[in-house]
Amino acid sequence: MSSVATKRKYVFQELGDMSLPKDSQSIVRIVQARGHNLHEVVTPAGEQYIVSMPTKFRQNIWVKRGDYIIIEPIAEGKKVKGEIVKILTKDHIKWYREQNCWPPEFDEDPKRNGHSIATNYTTCDDEELFVNTNRRPVNEKTDSESDTDSSESNSH
């Protein structure tokens, strides 16, 4: 059990690493999770492709749509074209901006600029995002039902 804890400790220590991306690496934004530890990403230039999450991150760190990551390209990849090497925190992003290595395309406001890469996103309703299939849905009572229930309980 200690090896799992040790592995997790090193993964979280890596999060604090403030080194800049190497020449072969690039900063991308996650567009959507594809399942089986695959994520669709978009580059600053607007190119979209799939990257994989390495074993060391699985079950330790979760990423969601809109998060920024650093990837290493996979030369032989046809469908999966890269692998995640670093998950960026707000501190990383702030520091990268200070070092002038943050892609300016990721700072564009998609509502202000119709040409932003965010227009390539797949849209879905918020209701789809937060459905927990492990719980039975709660039947909400209407206002008239809750009024009658509370008056009945007060009379007893």
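A salt bridge is a side-chain nitrogen of Lys or Arg within 4 Å of a carboxyl oxygen of Asp or Glu. The model shown is predicted: local features need pLDDT of at least 70, side-chain atom pairs count only at pLDDT 80 or more, and totals for chains, interfaces and linings use all residues. Residues are numbered from 1 along each chain as its sequence is written, and side-chain values use heavy atoms, with hydrogens and water left out.

**View 1. The chain as a whole.** Of the 156 residues in the chain, 28% are buried; buried means under 20% relative accessible area, exposed over 50%, and partly exposed in between, with a 1.4 Å probe and protein chains only. The chain exposes about 11,500 Å², and carbon and sulfur atoms supply 49% of this area (Shrake-Rupley method, 1.4 Å probe; for residues, only the protein chains shown count as cover). Among contacts with a separation of 6 or more, 60% are between residues 24 or more positions apart; a contact means heavy atoms within 4.5 Å.

**View 2. The salt bridge between aspartate 107 and arginine 97.** The closest N and O atoms of the two residues are 2.6 Å apart. Aspartate 107 sits in the loop between helix H2 (90-98) and helix H3 (126-129), while arginine 97 belongs to helix H2, so the pair ties together parts that are 10 residues apart in sequence. Aspartate 107 is partly exposed at 38% relative accessibility, and arginine 97 is partly exposed at 40%. The whole structure contains three salt bridges. Another of them links aspartate 67 to lysine 64, with the closest N and O atoms 3.2 Å apart; lysine 64 is exposed, with a relative accessible area of 55%.

**View 3. Glutamate 40 and arginine 34.** Glutamate 40 is found in strand S2 and is buried at 12% relative accessibility. Arginine 34 forms a salt bridge with glutamate 40, and their closest N and O atoms are 2.3 Å apart. The side chains of this pair are also joined by a polar contact of 2.3 Å. A polar contact is a pair of N or O atoms within 3.5 Å; within protein, one must be able to donate a hydrogen and the other to accept it, and residues adjacent in sequence count only if both atoms are side-chain atoms. Arginine 34 is partly exposed, at 43% relative accessibility. Not counting residues up to four places away in sequence, glutamate 40 touches Arg29, Ile30, Val31, Gln32, Arg34, Gln48, Tyr49 and Ile50.

**View 4. Strand S3 and its partners.** Strands count as paired if DSSP finds at least two bridges between them. Strand S2 (residues 38-42) runs antiparallel to S3 and is joined to it by five bridges. Histidine 39 stands opposite valine 51 in S3. Five residues lie between the strands in the hairpin of S2 and S3, where glycine 46 takes a positive phi near 100 degrees. S3 and S5 run parallel, with three bridges between them; isoleucine 50 has valine 80 in S5 as its bridge partner. Four of the five residues of S3 are buried.

**View 5. The largest nonpolar core.** A nonpolar core is a set of buried Ala, Val, Leu, Ile, Met, Phe, Trp, Tyr and Cys residues joined through side-chain atoms within 4.5 Å. The largest one has 13 residues, and those with the most contacts inside it are Val41, Val51, Ile69, Ile71, Ile84 and Ile87. At least two of its residues come from each of strand S1 (26-35), strand S3 (48-52), strand S4 (68-73) and strand S5 (80-87). Apart from this core lies another, of eight residues, including Tyr68, Ile93, Trp102 and Phe106. Leaving aside neighbours within four places in sequence, isoleucine 84 is in contact with His39, Val51, Ser52, Met53, Pro54, Phe57, Ile69, Ile70 and Ile71.

**View 6. Lysine 86 and its polar contacts.** Lysine 86 lies in strand S5 and is buried, with a relative accessible area of 9%. A polar atom of the lysine 86 side chain lies 3.1 Å from the backbone oxygen of serine 19. The side chains of lysine 86 and tyrosine 96 are joined by a polar contact of 3.5 Å.
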